[in-house]
Amino acid sequence: MIRYTQYLMPTTKETPSDAEVVSHRLMLRGGFIQKVASGIYTYLPAGLRVLRKVERILREEMDRAGAQEVLMPAVIPSELWKESGRWDAYGKELLRFKDRADREFCLGPTHEEVVTDLVRRLVRSYRQLPLNLYQIQDKFRDEIRPRFGLMRGREFFMKDAYSFDADEEGAKESYRKMYEAYCRIFRRMGLDFRAVEADTGNIGGSSSHEFMVIADSGEDAIVSCASCSYGANVEKAECPVPAEGTVGSRDAGAARKVETPEKRTIEEVSGFLGIAPGALIKTLLFETSVGNVAVLVSGAHEINEIKVKNRLGAEWVRLAEEPTVRAVTGAPSGFAGPVGLAVRTIADHSVRSIASGATGANEKDAHLVDVVPGRDFSPEAYADLRMVREGDPCPRCGAELRVSRGIEVGHVFRLGTKYSEKLHAVCLDADGREQVVAMGCYGIGVGRTAAAAIEQHHDGDGMVWPISIAPFEVTIIPVNVKNADVAAAAETLAAGLDAKGVEVLLDDREERPGIKFKDADLVGIPVRVTLGEKNVAAGFGELRDRRTGETVRVELPKLEEAVLKMVAEKKAECTA
């Protein structure tokens, strides 16, 4: 039992001006965190209780899956990152510094290099594998624009795990175990989530899944199928290959130029020419690590830069700036087209649907009409390069895809040998031959998960914590602590629940009832017991469910049993 008068949980009515999302506002108002610097926070006692509960679930499920906990250093020597090739490739998010001996180090944003170095020093034989090592540790990424409180801070807690196997089959099994462990973790936290296919990004590897908490405030768009289990980040979601030649005339004559003064955008050009956006062949010029590339897509769709990057095998891609566009096309932006364009060209499958259409003429204020793909231009290849849309068919079962918003709280990767090969992490197989070990990595943002829970579970009055990660399970509010009978009833109930292992916050403050009720709703403790003078005199207390708002009067002798029952029911909702 904890007494409110002896607990540091400074609530406030004021909404901080720099708090942009619900979780940030409520954690500041509820006295869970305090800002120290941009993207850097102190966890106050209530916030730390939530953090520790998230960590406990993580540890239990990681241990259950066979992983072993370690703790690696936050400060990493540059040599390891240079050995993997990420010292220069990672970008400015990697906080680099030098010690007094002028040696280079970084604050670890992730620990693939360190753990691979550890394993190459200690593992010699396939008999020592599989091995899965995890830690829960402070990380630092120097975000260009920290925002949203714990959702995108610079300093943060992460659970990161790394699996090592003798071959790819073993790596697949380790990945499966972690995937299932993550599902159990987020179910135990009472979260509505989706596991979706995702791009591997800077971490690399052959495949990955993001675990997304469904929330309207989510930064990421995800697609899911209502009829099967398919789900993907929009950057990864597969798009269908359309039927060929369904848009425009199949009997088009020779391509001809049309003046389109000051008409650059899809809407402007299609409106001016009197054609549907889907009949336009949009040409986007990209600067990439493998050279300039023109990418074509139907005007009804948007290009997915991640897919372009992966299709080209490029380290980076970006839309070409105006000088490059003019140098390659001979025209300003908005008038590029594939006909006669002397640059490498690839096209999205959506271009296949265009029997004849319009495109830029590579000349200012001019477009070409009656352009036929395959006759007037031929891309190097067709590929899935566009963004998925609501209503597109599911690539697994054909049903319609839905788009929703999500918050990424976990990510699992099959790394293959990306790091083990570069750092020479090997083992001897059964025949005594040296084999590069296969790896996987698995991360969960601890504070980010807590913030995502608030984004998903809140109302107009405050947080509505799932009981498994709530700072307390029950709050007891004696309306008037100066009334001896009320105070005694509250003390007796609190002591009885505490003895049975229930986490109780006793609000023993000499405050007005309205303030106590407001604070209880703001902090979002799942079960509230109110003991008022009239009710106690009549032999009753009030039991309230924070999530539903349902309130019942219970006889004092039965109140402890009723609270235990409600707590047990809420815990049952948060089971794997």
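The model shown here is predicted, so local features need pLDDT of at least 70 and side-chain atom pairs count only at pLDDT 80 or more, while totals for chains, interfaces and linings use all residues. Residues are numbered from 1 along each chain as its sequence is written, and side-chain values use heavy atoms, without hydrogens or water.

**View 1. Phe 97 and Phe 105 form a stacked pair.** Rings of Phe, Tyr and Trp (its six-membered ring) pair if their centres lie within 6.5 Å; planes under 30 degrees apart are stacked, over 60 edge-to-face, and the rest tilted. The count comes to twelve aromatic pairs. In this one, the centres are 6.2 Å apart with 20° between the planes. Phe 97 is partly exposed at 32%, whereas Phe 105 is buried at 17%.

**View 2. Tyr 179 and Phe 211 form a tilted pair.** Their centres lie 5.5 Å apart, with 55° between the planes. Tyr 179 belongs to helix H6 (residues 168-188) and Phe 211 to strand E11 (residues 207-214), so the pair ties together parts 32 residues apart in sequence. Helices (H or I, at least four residues) and strands (E, at least two) are DSSP runs, numbered from the N terminus. Phe 211 is buried, at 0%.

**View 3. Ring pairs link Tyr 179, Tyr 182, Phe 186, Phe 193 and Phe 211 into a cluster.**

How values were computed. Buried < 20%, exposed > 50% of the residue type's maximum accessible area, 1.4 Å probe, protein only.
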